[in-house]
Amino acid sequence: MNPQALRQRFAGQVHLPGEPGYDENRRSLNPAVDARPAAVVEAASATDVRTALVTARALQVPFSVQATGHGTHAANDGGILLRTSGLAAALVDPDRRIARVGPGTRWRAVLVAAAPFGLAPLSGSSPDVGVTGYTLGGGVGWLGRRYGFAADSVVRAEVVTADGRVVTASADRHPDLFWALRGGGGNFGVVTALEFRLHPVARVFAGAAYFAADRAAETLAWYRDWAATAPDELSTAALLRRMPDSPDVPEAVRGRRVLMIKSMYAGDADQARCLLRPLWNAAGPVLHEELATTRYADAAMGGTAARYLNLFPALPDPVLRALAGAHEDGLASTVEIRHWGGAMAAPAAGAGPVGHRDMPFSVIVDALVPALEAALRPYGSGGSFLNFLADPGRTASAYTPENLRRLRSVKAAYDPDNVFQVGHNITPNVITPDVHPAARVAAR
Ligand SMILES: Cc1cc2nc3c(=O)[nH]c(=O)nc-3n(C[C@H](O)[C@H](O)[C@H](O)COP(=O)(O)OP(=O)(O)OC[C@H]3O[C@@H](n4cnc5c(N)ncnc54)[C@H](O)[C@@H]3O)c2cc1C
């Protein structure tokens with residue numbers, strides 16, 4: 001197709017190789033992905049979304065979607081890369097406690113729109129992450145133990161499916177698609193609008209406290225046992241961190257190896273302090289503390305880049321000793337143990353395929369350390385969480401075998417030719433090799 005004809009199809013801008021806007025728009029935030037698509041299309045409407053998909057299929061080239069580039073782990077080379085960042089609207093209905101967003105919306109916009117009504121979305125550690133990509137991948141945030149995964153709060157999605165249909169997925173319309181979207185990632189269609197529940201959380205008690213890391217294995221064992229008693233309103237993570245020797249870092253912990261407890265309590269400060277006190281006593285004395293009552297929208301909790309990610313049904317002492325040892329030896333500069341469970345482990349009937357809900361702990365390490373991986377292997381479940389998974393080759397590990405089977409059947413029904421395959425791919429369980437992908441596009 002010549003460039004002129006391609007441009008005439010879209011209301012939004014089209015960037016082709018060699019043109020000024022091409023490099024800027026083809027990039028993701030992942031330095032390992034250097035995509036060279038044949039065209040980057042900036043969607044100006046839901047119609048542009050459908051046109052981009054239909055065009056990619058007609059040209060028999062790869063198709064992929066990018067809102068912010070925070071979760072792009074595979075390159076679209078030679079295909080059409082659809083950018084949705086221009087479709088960034090967040091509407092809040094305070095009476096129904098529902099938000100509706102466009103596909104390019106970032107969490108910050110929802111936080112800002114919901115806060116005046118004392119409502120909160122189930123956002124994660126960064127307000128710059130895209131709402132749709134985050135939610136389709138499950139979405140775990142600091143209110144997760146109280147209200148579940150972000151995917152669990154979705155009530156409706158408008159979707160362009162692989163055959164170019166525009167459908168609404170909800171509990172009673174395309175229920176299989178609705179199920180798969182709530183954790184199955186970008187495998188089932190391009191979402192052009194998402195509606196989800198907001199929750200009545202205006203203020204939280206949140207932040208981090210820092211302790212010396214010299215008794216790390218012992219303190220982590222304490223944390224493990226204490227976490228089993230924590231109420232669902234309280235979410236925590238225990239980290240071993242080597243703090244930078246930089247003037248931005250508080251003096252008391254600057255350049256030190258620390259054990260850090262991050263927490264968020266959806267309730268009042270005194271109750272939170274009372275719940276946390278035994279843990280502080282075990283880990284203490286506190287070197288530095290940044291806990292405060294704040295608007296949920298302002299709580300900045302940060303995240304850890306995962307080079308190693310595993311889920312654990314329990315954290316026996318050898319696991320904690322191995323983690324503490326790897327940190328002490330300087331093999332990893334951040335080790336994060338996160339406490340899951342609560343509402344995430346108690347889904348409502350019909351909830352989506354997100355995560356391994358019965359796993360109470362995840363371990364994330366910011367370095368690949370073969371000796372550590374070998375030491376942890378007998379204890380980890382081998383499972384993962386889609387949003388924290390950098391390696392698309394491990395996509396199957398994000399699901400239980402039963403959910404993976406059902407996801408592959410839904411994929412066969414909605415995307416039998418595996419059009420949505422750039423990134424974390426779930427393959428259809430029935431492949432139709434004789435039918436050309438373009439042949440299935442609904443002609444318009
Ligand atoms: C700094 C940072 C903090 C993070 N914190 C958390 C956290 O606390 N909890 C958590 O769960 N995750 C977290 N993540 C992971 C994040 O949720 C995923 O990387 C997510 O995929 C990002 O979505 P995006 O739209 O911003 O990224 P993009 O790279 O723009 O999109 C990622 C993928 O999402 C899919 N997608 C995006 N838009 C659509 C659409 N409209 N229709 C269909 N598919 C679509 C596509 O498959 C696309 O490849 C974090 C990531 C970063 C970088």
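# Structure report: strands, core and ligand shell

Glu42 stands opposite Arg83 in strand 4. Gln66 also stands opposite Arg83 in strand 4. The model is predicted, so local features need pLDDT of at least 70 and side-chain atom pairs count only at pLDDT 80 or more, while totals for chains, interfaces and linings use all residues. Residue numbers start from 1 along each chain as its sequence is written.

**Overall build**

The chain has 12 helices and 17 strands. These are DSSP runs numbered from the N terminus (helices H or I, at least four residues; strands E, at least two). Along its principal axes, the C-alpha trace spans about 70 × 50 × 45 Å. Of the 444 residues, 50% count as buried. Buried means 20 or more other C-beta atoms within 10 Å of the residue's own, exposed 12 or fewer, and partly exposed in between, with C-beta atoms placed from the backbone. Among contacts with a separation of 6 or more, 70% link residues 24 or more positions apart. A contact needs two C-beta atoms, placed from the backbone, within 7 Å.

**Strand pairs**

Pairing takes at least two DSSP bridges between two strands.

| Strand pair | Sense | Bridges |
|---|---|---|
| Strand 2 (residues 39–42) and strand 4 | parallel | four bridges |
| Strand 3 (residues 63–66) and strand 4 | parallel | four bridges |
| Strand 5 and strand 6 (residues 98–101) | antiparallel | four bridges |

Strand 4 covers residues 80–83, and both of its faces are covered. Ile80 and Leu82 lie on one side, Leu81 and Arg83 on the other, and all are buried. Arg83 is therefore a buried residue in this model, by the count of 20 or more other C-beta atoms within 10 Å.

An open sheet of five strands runs in the order 5-6-9-7-8, with antiparallel pairing. Strand 5 (90–93) and strand 8 (166–170) stand at the edges. Each has a single partner strand, so one side of each is left without a neighbour in the sheet. From one strand to the next, the twist averages 15°. Angles run from 0 to 180 degrees between N-to-C directions of lines fitted to C-alpha atoms, for helices over the stretch in contact.

Two helices pack on this sheet. Helix 3 (residues 46–59) touches strand 7 (154–160), strand 8 and strand 9 (190–197). Its direction makes about 135° with that of strand 9. Helix 4 (residues 107–114) touches strand 5 and strand 6. The direction of helix 4 makes about 30° with that of strand 5.

**Nonpolar core**

The largest nonpolar core has 133 residues. Such a core is a set of buried Ala, Val, Leu, Ile, Met, Phe, Trp, Tyr and Cys residues joined through C-beta atoms within 7 Å. The residues with the most contacts inside it are Ala99, Val110, Ala114, Leu177, Val204, Leu259 and Leu323. Strand 10 (residues 203–212) gives the most to this core, with seven residues. Leu177 is in contact with Val159, Ala169, Phe188, Val410 and Tyr414, leaving aside neighbours within four places in sequence.

**Ligand shell**

The ligand is surrounded by 32 residues. Membership needs a C-beta atom, placed from the backbone, within 6 Å. The closest are Gly71, Gly124, Gly130, Gly133 and Gly186. Strand 3, helix 5 (131–136) and strand 9 are the elements that give two or more residues to this shell. Helix 5 supplies the largest share, four residues.

**Loops and backbone geometry**

Gln60 lies in the loop between helix 3 and strand 3. Its phi is near 55°, a positive value in a residue other than glycine. Gln60 counts as exposed because it has 10 C-beta neighbours inside 10 Å.

Arg97 sits in the loop between strand 5 and strand 6. Phi of Arg97 is also positive, near 55°. Arg97 has 16 other C-beta atoms within 10 Å, so this residue is partly exposed.

Gly284 and Pro285 are joined by a cis peptide bond, with omega about -5°. Pro285 is in the loop between helix 9 (269–283) and strand 13 (286–289).

Val33 is in the loop between helix 2 (22–26) and strand 2. Val33 is partly exposed, with 16 other C-beta atoms within 10 Å. Val33 and Thr72 are 39 residues apart along the chain, and their C-alpha atoms are separated by 7.5 Å. Not counting residues up to four places away in sequence, Val33 touches Ser28, Thr72, His73, Ala74 and Ala75.
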